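Trainee: Before we look at the packing and the sheet, could you take me through this model one feature at a time?

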Amino acid sequence: MSRIETLIASMTLAEKLGQLTMTASSFTVTGPVIAGDSTESIRSGAIGNLLNMVGAGPVRELQRLAVEESRLKIPLLIGLDIIHGHRSLFPVPLAEAGVFDPVLWEATAREAATEGAADGLALTFAPMLDVSRDPRWGRTVEGSGEDSWLAAQMAVAKVRGFQGTDLAAPDALAACAKHFCAYGPVTAGREYASVDISERTLHEVHLPPFAAAVRAGVATVMPAFTDLAGIPMTAHTPLLRDWLRVRCGFDGVIISDYNAIRELLNHGVAADLPQAAALALHAGVDIDMMADGYRHGLPVALERGLVSIEQIDTAVTRVLHLKERLGLFADPYGRCRTLESAATITRRRALARRVGAQSLVLLKNGHDVLPFRKSLRRLAVVGPLAEAAGEMRGPWWAAGVPDNHVSVFTGLRTALPDTTMLYAQGVTIEGNDTEGIAAAVALCDQADGILLCLGEAAVMSGEAASRVNLGLPGQQDALASAVLARARTLRKPCAVVLFCGRPLTVPQLVADSDAVLVAWFPGCEAGHAVADVVLGRVSPSGRTAISWPRFVGQIPLFHSERRSGRPANPADKFTSKYLDSPNEPLFPFGHGLTYGRFRYSNLRLSAPALKVRDTLEVRVDLTNEGRSAARETVFVFTHDVVASVAPPLLQLAGFARLELAPGETGTVSIAVPATQLKILDPDLAPVFEPGVVEILVGPRADRADLLVGAVELQAG
Ligand code: BGC
């Protein structure tokens, strides 16, 4: 018998249910606190898994209880939400998506895993693969934005990065593809609300990133809190069992979300805890996080005949198998290493700075206000986000502490040792007090450059952070208009830096400003990363992975919307448009300026026709006609001209980056496998439909900026 079979044969029911239970320590709070002291429960085998605990010392002590003082000596599985870094935070995922570099996506996850594992952890609840087209939803910040294909690319890179090549390695973390599935389209962007989308949208948009994560070998999956057309995901047998396990072949561990099994009662699909536990177990959920539904519910469910012991054994087998794959039986303390070397931390922070700078998105740069001249004698850094190191973490900061973060003011002061640095907060992020505005405006008189740092607080995005008003909070608009007006009168260069976990609806601010740079939440090296871009040491290259609406009323807004029977026509009232706003976003998906100026020419496609096994090579020349070296991101979109199902206006099919010196010309080559051009037919079966597909290449999802070619898809 294998170790696992032997163990299962000797386990009591309580010990089995312990292996299916995950409970929180009080290190960080990510949901309602319902945990008590775990010590005795670990000794008795009533708890086999923990979340929210950190530190090699404490982890070692709890592991010791499990492997030395419990009857069966089964090691604990310990997880934490390492979403965008552990102690050293990288940019939030929405920002990092905009770097459009799978190598960097993987590298930051690798570093986060190494750092988390050194702290004794073996599991991270990441990556979040929920596609979000509704920035009212706070969790938009945790994913890669509006595009499903992009989410799939990032899923693969993140799973590889977290898990490395060997899950048993002391620096590997088991990844968790979450939240399965379609959590993004919650009704009206309201957190935890019901979801009701078509089968087609489910299969075209929301499932593919999870399929990609499974293909990349993700070790665990977490169902969403939400229901999908009335079936809560925690109990969704057709999707969890039939689609994920049977169709995709996922044989890893499914971990419920925080208290989600008990919440089946609130959803109204279970009358009591035993029934809720039975529903989740049937669907294939192996570990119950924080609901105590398995421990207290399954014994009764067994008596009632709602579940069988074989089902429980199957779940226990999966959990023990994961612990084995993670090397926890071989060395339960393998991940509890002592402190990492200073060189390692320095290298990691250098990566955070590099990715941070590359994730900044320059929305606008009128009169080439940015970069600021290094010879500025006095620079005013103004606004509630200017000297706010802790906010730079963004939501889900794991073990990142504010002191470990560099504010914008500090970053600029370090970069400009000969410049007199002036600072005024003006207003707080959310407060109503406007008294400080006058002093902030007065500062402009003394400065010869002004950087206005505005935006959301870190906790205004992330979980339980839906907003209906996506403008600047508090009195920041008042601060901005006063400072911008003064700067204009004085003819002083003034740029706005926005910190946010989602696109904000700020059309007036954008109209009134010469330059707007979106920093999102850049992580531990925020101030240095912002200084690198603002002072021109690095040319901005980040792109927005989500459309920026002008008004909340345009939401949901995304580039792959389907064609209408009555496309917008300004001359015809009865076409698809608004009376009071353009249809177009303020900034489309992919938008982001550089300090260079790129001209696209000479689009070449490797073949005029494609069969399903072919790969199309898309080539385009780029010339940097600007005065600065810069890195350009090039996108390939496709558009099916006629298909059996109304096609999206644009569909992302590839991207590449190219760095060019001023005056230099280079060629970008992007491979698009023909299988990627399959569509789901009216019965949702993938088909390669003969016909013409347009290939559109350029810097953003706006047809006006794209070069267009075409290929013919041929059967056979
Ligand atoms: C969140 C998950 C997270 C879990 C554990 C829940 O509230 O929805 O994303 O992994 O807490 O912290």
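This is a predicted model: local features need pLDDT of at least 70, side-chain atom pairs count only at pLDDT 80 or more; totals for chains, interfaces and linings use all residues.

Mentor: Residues are numbered from 1 along each chain as its sequence is written, and side-chain values use heavy atoms, with hydrogens and water left out.

Trainee: Why is helix 9 largely enclosed by the rest of the structure, and which of its residues are buried?

Mentor: Helices here are DSSP runs of H or I with at least four residues, strands are runs of E with at least two, and both are numbered from the N terminus. Buried means under 20% relative accessible area with a 1.4 Å probe, protein chains only (exposed is over 50%, partly exposed in between). Helix 9 covers residues 208-215, and six of its eight residues are buried, so the rest of the structure largely encloses it. The buried residues are Pro209, Phe210, Ala211, Ala212, Ala213 and Val214.

Trainee: What covers the buried residues of helix 9?

Mentor: Contact means heavy atoms within 4.5 Å. On that basis the cover includes strand 5 (176-180) as well as helix 7 (148-163), helix 8 (199-206) and helix 10 (237-247).

Trainee: How many residues has the largest nonpolar core?

Mentor: A nonpolar core is a set of buried Ala, Val, Leu, Ile, Met, Phe, Trp, Tyr and Cys residues joined through side-chain atoms within 4.5 Å. Phe125, Phe180, Val218, Leu244, Met289, Tyr294 and Leu298 have the most contacts inside the largest core, whose size is 111 residues.

Trainee: Which other core lies apart from it?

Mentor: Leu363, Leu422, Leu472 and Trp520 are among the residues of this other core. The core that lies apart has 80 residues.

Trainee: Over the face of which ring does Lys178 lie?

Mentor: A charge sits over a ring if NZ of Lys or CZ of Arg is within 6 Å of the ring centre and within 35 degrees of the ring normal. Lys178 lies at 5.3 Å from the ring centre, and the ring is that of Trp396.

Trainee: In the open sheet of three strands, which strands stand at the edges?

Mentor: Two strands pair if DSSP finds at least two bridges between them. The order is 17-19-22, with antiparallel pairing. Each edge strand has a single partner strand, so one side of each is left without a neighbour in the sheet; these are strand 17 (598-605) and strand 22 (665-673).

Trainee: How many bridges join strand 19 to strand 22, and which residue is the partner of Thr615?

Mentor: Strand 19 (residues 615-624) and strand 22 run antiparallel and are joined by nine bridges. In strand 22, the bridge partner of Thr615 is Pro673.
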